[in-house]
Amino acid sequence: MTQTNNNMTVNPDLAMERAKCNFNVLEVTHIFDGGERNTLQRKKIEDVALNSGASKDALGEEHMSPKEKYENAVRKSCIYATMMKNELAELSGLESFGVSSPVIRRTADAFFKEVSPFLLHLGMFVPTIMGQCTPEQQSYWLPRALDMQIIGTYAQTELGHGTFIRGLETTATYDPETEEFVLHSPTLSSYKWWAGGLGKTVNYCIVVAQLYTKGECHGTHPFIVQIRDEDTHVPLPGIKVGEIGPKMGFNTADNGFLGFDHYRIPREHMLMKNAQVLKDGTYVKVARHGKLTYGTMVFVRVVLVNEVAFNLAKASTIAVRYSAIRRQSKPKPDEVEPQILDYVTQQHKLFIAIATAHALQLCSTWLWESFSAVLAQMKGGNTDTLPEFHALSSCLKAISTSDSAHLIEQCRHACGGHGYMISSGIPNLYNFVSATRTYEGDYTVLLLQTARFLVKAYEQAEAKKPLTPTVSYLAHAFSGSRATWDNSPDGIIRSFQALAAGKTAVCVTNMRKRMRAGLSQVDAWEMSTIQLVAAAEAHCRAVIADTYRKEIVRLTANSSPNVKVVMDQLTTLYLYYWALERTGDLLMFTSVSQKDLVDLQIAYEELLLKIRPNAVGLVDAFDLRDELLHSTLGSYDGRVYERLMEEALKSPMNKEPVSDAYSKYLRPMMKGKL
Ligand SMILES: CCCCCCC/C=C/C(=O)SCCNC(=O)CCNC(=O)[C@H](O)C(C)(C)COP(=O)(O)OP(=O)(O)OC[C@H]1O[C@@H](n2cnc3c(N)ncnc32)[C@H](O)[C@@H]1OP(=O)(O)O
Ligand SMILES: Cc1cc2nc3c(=O)[nH]c(=O)nc-3n(C[C@H](O)[C@H](O)[C@H](O)COP(=O)(O)OP(=O)(O)OC[C@H]3O[C@@H](n4cnc5c(N)ncnc54)[C@H](O)[C@@H]3O)c2cc1C
């Protein structure tokens, strides 16, 4: 066994992989973290939070009952929240602990194999207070929420409606006599359903309800509602609340249901930044844009792109390290069994996962910066950039979550049978990420939002009107000839744009045809939605490819030569992979020939071989501590078989030499006495 500097015993195959890596791993870590300063700060935070050992469980979460799991998750959430208020806030340079700090969120992952029951408090309750309250409301609620004197969640979705927010049924009817809102759940389908932490943890929540005043409905608005006693935690009269039961994942998040029976809250508990109800019941609209009350969702969609990039980095770290230590089959009888990482099909499964983690990480930083710019403009009363940003954040959320879920599952396949073990860490990652494809806006629904924007932009381009930056390529959609294929990175990106433009044009043409044939605009749209989703997906892929490429060129401008090379290989791999996934579309909308595609496939396969020696270095560069990976297969030392056996021996099933089931059922059945 080889020894590392830290006196850690490392699997010799992994040690060999590290020895042959030809680039400076730390430089790539800095790129992924967004700079050396960020890496240093992240490491400090991780050291304080994780070296204490507070994240560890005596018994793995997977062996606990649901109730034990939940209580254990609350215990650790409280430890982590206390750390955040104290040492971590200062280290992260935040005035208070950072709801939007990826480092803080990521470090918290070490404490939970699933999720924290406080996820919604930090992820949506606090951001809603920040984004939807007047300054006076904020000064009342925010300090209490940040100090965790109150714990909240975001209860929007109901049993009957999640996607269609305008269809929510919970009512908030203003009573000017008492200056209160009366919250009511008129039907079973109006019960709030899903909010994280609602089942048992929170005592407050943001409730999204249809606002009625002076007999008129003004649509959905957010309210802050106390649901449990601040001292005893007992649900308040008029509140029916509980937990919704076991799920695929999120089993430590106590997602809950909530119903109201004419439950009264003070007028001031309507979040009044964007609209107000005066004492006499007069409704006053403040916001310039009708959809600003959807702001928290937009914020979370931005956050999620970063979140899934991180989870994909974890899955690819696990699968690549495992593939380096795992040896299987004997293609050459005189040689030892190869590492499974040497199989080109394995490289095809895994290297795209590494490249996608990079692409999404860099896109998420770019998206976050764009979001900050939009927020700054909106502060000055200008909402002009919101539609483009909504279209962009919608498609990036949809594609990043969907691609990550797919690639995490691919990482599981790459780990064979052992990838199916909970202890591999991959099932929990998949369960978490596959939910992100649905929540905060379903995949299809969000892509159709982007498609609305694309169609409008296409019509603007047709009328020779100016276009916003992310769709400026549509200006070239009317040249009449197919885009020229060119296999350089920029050439491939132009082809992706040509696909998006071509697919949008097909949708517009088909919709117009259908309308001429007598269909209403709504029906013509509906009949075209399969293609509209495909157009929005193509647009998003063009945006990701373009952003990834530009960002890598910018970020490696001063990098050492080998880092430049390996980063260039990864971006090129990403472009080749998606071009080869979309050969049919390329044949439809560009001048690519069959020979070009055969050549591209060969170039792709050669690229896999070039990346192969650096594969372990590339995942090491994600710099994910073992505590974050929670994986028998992916630990830094590669002691996979030892860890699998250690974990198996921890199973409560192995406590007794003979199971009780033997005397109860097996024996009687085998002796014919059942
Ligand atoms: C690390 C943090 C983790 C946190 C964990 C979170 C756990 C999960 C939490 C949740 O899931 S909370 C619930 C989330 N729910 C949703 O996301 C619901 C999804 N549905 C919607 O967003 C909307 O209903 C809709 C599908 C976008 C449609 O809304 P609506 O019916 O009101 O509008 P339309 O008529 O379709 O469109 C009108 C017009 O408005 C534009 N628009 C819609 N949304 C926005 C927005 N957010 N911002 C800006 N503009 C928006 C839309 O594009 C239309 O524009 P035009 O085409 O008419 O110009
Ligand atoms: C783990 C998890 C945590 C959650 N946490 C919260 C929370 O904390 N707070 C909260 O409020 N909510 C939460 N949710 C709810 C979540 O936001 C919704 O489930 C999500 O927005 C999808 O809505 P839905 O369930 O109504 O799906 P539906 O809209 O019923 O979707 C079902 C199918 O119908 C399709 N569909 C629906 N509408 C259209 C359309 N217009 N055009 C084409 N196809 C359509 C969808 O594509 C999908 O295939 C959570 C959900 C999950 C899974």
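## Where ligand 2 sits

Let's start with ligand 2: its shell takes at least three residues from each of domain 1 (121-287) and domain 2 (443-620), with bounds that come from an automatic or database domain assignment. This is a predicted model, where local features need pLDDT of at least 70 and side-chain atom pairs count only at pLDDT 80 or more, while totals for chains, interfaces and linings use all residues. Residues are numbered from 1 along each chain, chains are lettered from A and ligands numbered from 1 in written order, and side-chain values use heavy atoms, without hydrogens or water.

## Around ligand 2

There are 20 residues around ligand 2, and Tyr154, Thr157, Gly162, Thr163 and Asp442 are the closest. To be near, a residue needs a heavy atom within 4 Å.

What does the side chain of Thr163 reach? One of its N or O atoms is 2.5 Å from an oxygen atom of ligand 2. Thr157 has a polar side-chain atom 2.7 Å from a nitrogen atom of the ligand.

## Around ligand 1

Ligand 1 has 29 residues around it, and those that come nearest include Thr163, Lys291 and Tyr294. Domain 1 and domain 2 both give residues to this shell, so ligand 1 lies between them.

Now for some atom pairs. The side chain of Tyr294 puts an N or O atom 2.6 Å from an oxygen atom of ligand 1, and a polar side-chain atom of Lys456 is 2.5 Å from an oxygen atom of the ligand.

Methods:
A polar contact is a pair of N or O atoms within 3.5 Å; within protein, one must be able to donate a hydrogen and the other to accept it, and residues adjacent in sequence count only if both atoms are side-chain atoms.
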